[in-house]
Amino acid sequence: RERFTGIAQDLACGIDIGSLLDEVEDTLAKGGSRDYAGSRGEYLSARIITDYLGAAFVEAGDGILFTEDGGVDPETYHRFHALLLGEGLFVIPGFYGTGADGKVKIFSRGGSDITGALVARASGSHVYENWTDVSGLLMADPRIIDHPAPVPEVTYREIRELAAMGANVFHEEAMIPVRDAGIPINIKNTNDPDHPGTRIVNEHTVPVSIAGVSGIRGVSLVRVGKTLMNREPTFVGSVKKALDKSGISVLRTFTGVDTATLLCAGGNPTVEDLNRTTDADTVSVHLRIALVTLVGEGLNLSGVCALLKGLSDAAIAVELADYASSGISVTVAVKEEAFKKTLETVYSASAP
């Protein structure tokens, strides 16, 4: 009460914030859900800013519908479209909608970003501007690379590859609604509004280059061998199943004629366990592996070769290299103690 009453008074709002707070308190006293309680800060903030801007308030729960399994019901787009007709400024609280049971339901995470994407698609926007506290995306983690270059534009394909290898990028679920509708996202900095930020697009509108480099540690590399493995299509699946039963997830799989290599996370597989649970002829396990991935629509085979040569010149031993079938990323596996040096070497070879 003190916080929201104070904000409303400081902004000289005409809204009856006391009545809104009474309603929230009464609902909670009668057994309001955790989701209801978790959504009220967003709701009250939206009501205050709506009054301050002289805008029209649109209740998110009237537009966003969740399915039984927690996904967004496609009916959401039709509902929001009807709610946003006409001229003027609209304010919609993020973070929540209405569940299949008719009650308030919050998003698991990134709710405001997802709400913005849903509204952008429903309203037929030309661009979805997402205002945050950073000036777009950077080519690398600034905690590892000093002053990494900004990324002016990145495709949805590139950002998916970066996110899969640990990059802290835009919320994946918030990209799907606008990506499918061909609407670009522009990540902008509230504290530096003149900065162009980063555009996330379906196809590049600027010269194609490298989008960024990211990596993860704590990976295990498992190699299993079996004579005539290529004639047993279920063999690799049985190895994955055995790892899964031990709580170990498989990130990537590479198969040859008689050998398969699996990159794993979430536990430490052992040779003994795999010998006991599979019928492999040979098993080897390498712990404390790190993966470093370079991503870019402009990546080509000559660039990959140059990168591998650069790692060799830096005396970095590469345990495995994968030039992805997508053609826009290359991943190398190295010992964990070489992670920082590898990231720095890859970044230096690709930064503008």
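Helices are DSSP runs of H or I with at least four residues, strands are E runs of at least two, and both are numbered from the N terminus.

I note that the model is predicted, that local features need pLDDT of at least 70 and side-chain atom pairs pLDDT 80 or more, and that totals for chains, interfaces and linings use all residues. Residues are numbered from 1 along each chain as its sequence is written, and side-chain values use heavy atoms, with hydrogens and water left out.

**H7 and H8**

I looked up the pair H7 (residues 156-164) and H8 (residues 172-180): their axes come within 12 Å and cross at roughly 165°. Axes are lines fitted to C-alpha atoms, for helices over the stretch in contact, and angles run from 0 to 180 degrees between N-to-C directions. H7 is therefore roughly antiparallel to H8, a term for angles over 145 degrees. The crossing of H7 past H8 is left-handed, that is, the near helix is turned anticlockwise from the far one by less than a right angle.

I listed the contact, meaning heavy atoms within 4.5 Å: Tyr156, Ile159 and Arg160 come from H7, and Glu172, Met175, Val178 and Arg179 from H8. By class the contact of H7 with H8 has four nonpolar, no polar and three charged residues. Ala, Val, Leu, Ile, Met, Phe, Trp, Tyr, Cys and Pro count as nonpolar, Asp, Glu, Lys and Arg as charged, and the others, Gly among them, as polar. After H7 comes Gly166, with a positive phi near 95°.

I found an open sheet of four strands in the order E5-E9-E10-E8, with mixed pairing. Strands E5 (128-132) and E8 (153-155) are at the edges with a single partner strand each, so one side of each has no neighbour in the sheet. On average, neighbouring strands here are turned by 20° against each other, direction ignored. E9 (residues 185-189) and E10 (residues 198-201) pair in the antiparallel sense over three bridges; strands pair if DSSP finds at least two bridges between them. Ile185 has Ile200 in E10 as its bridge partner. H7 packs on this sheet, touching E8, E9 and E10, and its direction makes about 85° with that of E8.

**Strand E16**

I checked whether E16 (residues 329-335) is enclosed or open: six of its seven residues are buried, so the strand is largely enclosed by the rest of the structure. E14 (residues 282-295) pairs with E16 in the antiparallel sense over seven bridges, and Thr293 stands opposite Thr331 in E16. E15 (residues 320-323) runs antiparallel to E16, joined by four bridges, with Leu320 opposite Ala333 in E16. E15 and E16 form a hairpin with five residues between them, and Gly327 in the turn has a positive phi of about 80°.

**Ile145**

I placed Ile145 in the loop between strand E6 (137-138) and strand E7 (150-151). Ile145 is buried, at a relative accessible area of 5%. Its C-alpha atom is separated by 8.0 Å from that of Leu343, 198 residues apart along the chain. Leaving out residues up to four places away in sequence, Ile145 touches Ala140, Leu343, Glu344 and Tyr347.

Key: Angles under 35 degrees count as roughly parallel, over 145 as roughly antiparallel, 65 to 115 as roughly perpendicular and the rest as oblique. Buried means under 20% relative accessible area, exposed over 50%, partly exposed in between (1.4 Å probe, protein chains only).
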